[in-house]
Protein chains: 2
Amino acid sequence: MAPTRATIHDVASAVGVSPATVSRALARPELVAAATVERVRLAATELGYSPSPQARWLHTGMSEAITLVLPDITNPFFLDLIRGAQHEAARAGYTQMLVDTEESTEQERTHLLAARKTSDGAVLAGPRLSDADLAELSQLYPIVSVNRRIRGVPSVLVDTPPALAAAVDHLAGLGHRRIAYLGGPESAWFSPRRWQAIKSAAIRHKIDCEHLGAHPPTLDGGQRAAPQIAAGRATAVIAYNDVQALGLLRGLSALGVGVPDQISVVGCDDVFGAELAYPSLTTVTGSAERAGELATQALIERIATGRLPRRQNRSVPAELTIRTSTGPAPRSVPHGRRQPR
Amino acid sequence: MAPTRATIHDVASAVGVSPATVSRALARPELVAAATVERVRLAATELGYSPSPQARWLHTGMSEAITLVLPDITNPFFLDLIRGAQHEAARAGYTQMLVDTEESTEQERTHLLAARKTSDGAVLAGPRLSDADLAELSQLYPIVSVNRRIRGVPSVLVDTPPALAAAVDHLAGLGHRRIAYLGGPESAWFSPRRWQAIKSAAIRHKIDCEHLGAHPPTLDGGQRAAPQIAAGRATAVIAYNDVQALGLLRGLSALGVGVPDQISVVGCDDVFGAELAYPSLTTVTGSAERAGELATQALIERIATGRLPRRQNRSVPAELTIRTSTGPAPRSVPHGRRQPR
DNA sequence: GTGAAAGCGCTAACAA
DNA sequence: TTGTTAGCGCTTTCAC
């Protein structure tokens with residue numbers, strides 16, 4: 001499968017040159033006689049030698065690794081993000097570390113501290129730390145944020161708000177006059193922005209729109225909101241994200257509330273499972289993979305040049321995907337639904 | 001957020017001792033006077049110092065990092081595996097690298113070669129390399145495999161075969177007399193083993209059982225098998241994994257074949273989405289998270305002790321989860337189904 | 001209990 | 001074009 005660990009000295013003595021020549025032949029062949037380069041290369045492959053990143057780090061200060069920090073790997077949204085990030089990292093010859101902070105600010109802090117020692121920079125997906133902390137960190141260590149804008153920190157956003165406005169258009173077109181937004185957790189930077197987009201669109205359509213408060217971005221979080229929604233007067237709900245929306249679907253089904261007959265549901269992210277769910281989820285589709293690619297690209301540019309990337313804030317387009325969880329508003333408003341307790 | 005890179009010398013001169021003392025105070029405090037240890041610790045936190053893994057690697061040869069190699073991060077089965085692995089890694093103070101080989105044997109080989117330089121060992125989920133390659137690699141570099149047994153390589157299996165036998169019992173109990181197995185890809189070590197378990201159980205029940213050949217373990221792979229299945233005579237299908245099964249559900253629905261009325265479908269893994277699908281998927285549930293934990297634990301034991309772990313082959317129990325994609329066999333055998341083309 | 005010194009694998013001045 | 005040398009941050013003998 002592969003030979004053992006050879007050092008630069010092994011190659012040097014095999015070829016009969018000094019270690020320095022080996023180093024140069026491999027890293028900067030233009031400085032070395034073509035014939036020598038050839039012999040060194042041969043011997044290196046022969047012995048299975050390649051320079052150790054750790055030893056190299058001593059000089060260059062570069063580990064050629066980046067860290068991807070995720071709040072919750074359980075959310076399939078991050079699957080595509082991870083893959084996109086890995087593509088870019090591999091393309092640039094970087095190794096990728098992965099860290100799941102489990103929605104904990106403290107874990108995020110700890111892992112970031114550790115990352116500074118082991119990698120040259122980090123992509124932070126939906127970071128939880130304060131703007132101030134992140135801006136400060138960004139001065140000391142190259143970071144790029146995904147789905148959160150912070151002054152002084154390059155970022156990539158999946159541009160969901162316009163698509164959410166389109167979702168409101170869609171619902172209004174179906175005759176809904178009263179919609180609700182199931183908010184994400186307090187720490188989710190994007191949640192109030194999604195709410196804004198929804199509210200503005202609702203105002204434009206002159207329809208009612210209420211905010212149902214903060215809920216965990218989990219299946220359970222969505223499911224637990226079902227009774228409140230069933231008891232409420234809205235005929236359509238837009239959830240902060242798909243995982244929540246899917247949980248809500250489950251919760252409503254358990255309560256015997258028909259979707260979309262009695263209530264329409266819209267999600268956000270178009271995760272694995274959204275299309276397969278019953279009813280299939282109307283949602284906002286944007287490429288998390290592309291976001292991962294762009295973020296990693298920006299990060300590597302930042303690492304390589306030592307300055308902020310030229311395009312500091314990028315975004316990835318998103319659009320509404322209409323499936324079967326949305327339908328015409330029920331004729332008579334709340335019928336057969338539970339009363340608030 | 002955090003101070004800059006301090007070296008051991010900074011701490012040494014801050015405290016007024018030699019770098020050697022700092023090193024000892026932090027790594028082997030029992031060799032140093034308690035008072036000194038205290039002062040060193042204080043200064044270290046003060047300066048935000050912690051020893052660099054890279055520099056330490058020069059001596060110890062250890063990077064305190066492990067690599068998790070996955071064939072396809074797109075499969076949600078791996079979400080839980082990643083999380084379990086990360087828990088154990090973090091607990092033991094290891095950093096986790098992540099690599100997605102995209103089902104390519106060559107990428108697996110390349111990444112593994114790279115991993116040897118950057119990490120102390122690797123967990124390989126469903127590796128594609130040959131037994132010989134893996135056994136040889138295992139001599140040179142600590143690896144642990146998940147869901148594949150190879151002589152000389154410690155492994156962790158999610159023990160799905162008994163649960164698949166239970167699935168056959170379940171189907172037989174529902175009156176199915178003719179079932180089929182939708183195979184995974186050729187490279188999937190587990191596929192023939194699952195088939196074996198199913199076949200034996202079918203024989204025990206004296207029911208027919210056919211193998212539908214190899215199919216990609218993707219939504220698309222499952223969906224494309226739908227026509228063949230709709231045209232066949234089996235009244236129940238067990239798929240190699242859930243992703244395939246969910247694709248199959250989608251394909252059958254597109255063909256207008258009712259599940260479970262006309263055909264029952266069983267998956268394997270109980271991934272995110274299996275429960276939410278329509279109909280909700282009867283499947284085999286085992287803890288991928290636990291498998292990730294055990295594998296990482298075994299790997300770290302192997303790294304730390306330098307020998308194979310005591311329990312070389314471990315397994316995680318799995319059980320049948322009955323949902324609504326399975327139901328009584330249709331009365332009159334294939335009715336209303338398409339003919340083979 | 002602590003310090004001095006050597007060396008891990010590699011790169012980058014500087015010489016030759 | 002190539003070799004010599006020093007040194008990156010840390011650990012570990014070996015003295016003291």
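Strand 1 of chain B, residues 65-70, is mostly covered, with 6 of its 6 residues buried. The model is predicted. Strand 1 pairs in parallel with strand 2 of chain B and with strand 3 of chain B. Chains A and B superpose by a 180° rotation. Residues of both chains are among the closest to DNA strand C.

**Strand 1 of chain B: burial**
- In a regular strand, side chains alternate between the two faces of the sheet.
- One side of strand 1 of chain B carries Ala65(B), Thr67(B) and Val69(B).

**Strand 1 of chain B: partners**
- Strand 2 of chain B spans residues 95-100 and is joined to strand 1 by 6 bridges.
- Within that pairing, Val69(B) has Val99(B) as its bridge partner.

**Chains A and B**
- Two copies of a chain are related by a rotation about an axis and a shift along it.
- Here the rotation is 180° and the shift along the axis is 0.0 Å, which puts chain B on chain A with an RMSD of 0.1 Å.
- The two copies are therefore related as by a two-fold rotation axis.
- Of the interface residues of chain B, 98% are also interface residues in chain A, so the copies meet through the same surface.

**DNA strand C**
- DNA strand C is surrounded by 23 residues.
- The closest are Ile8(A), His59(A), Thr21(B), Thr36(B) and His59(B).
- Sugar or phosphate accounts for 55% of the DNA strand C atoms within 4 Å of the protein, and bases for the rest.
- Ile8(A) places a backbone N or O atom 2.4 Å from a phosphate oxygen of DNA strand C.
- Arg56(A) has a polar side-chain atom 2.9 Å from a phosphate oxygen of the DNA strand.
- A polar backbone atom of Ser18(B) is 3.0 Å from a phosphate oxygen of DNA strand C.
- Helix 2 (19-27) and helix 4 (53-60), in chain A and in chain B, are the elements that give two or more residues to the surface near DNA strand C.
- Helix 4 of chain A gives the largest share of that surface, 4 residues.

Key:
Residues numbered from 1 in each chain as written. Chains lettered and ligands numbered in written order. Predicted model: local features only at pLDDT ≥ 70, side-chain atom pairs only at ≥ 80, totals over all residues. Heavy atoms only, no water. Least-squares fit on C-alpha atoms with pLDDT ≥ 70 in both. Contact = heavy atoms within 4.5 Å. Buried < 20%, exposed > 50% of the residue type's maximum accessible area, 1.4 Å probe, protein only. Pairing = 2+ DSSP bridges. Near = heavy atom within 4 Å. Polar contact = N/O pair within 3.5 Å; in protein donor to acceptor, adjacent residues only side chain to side chain.
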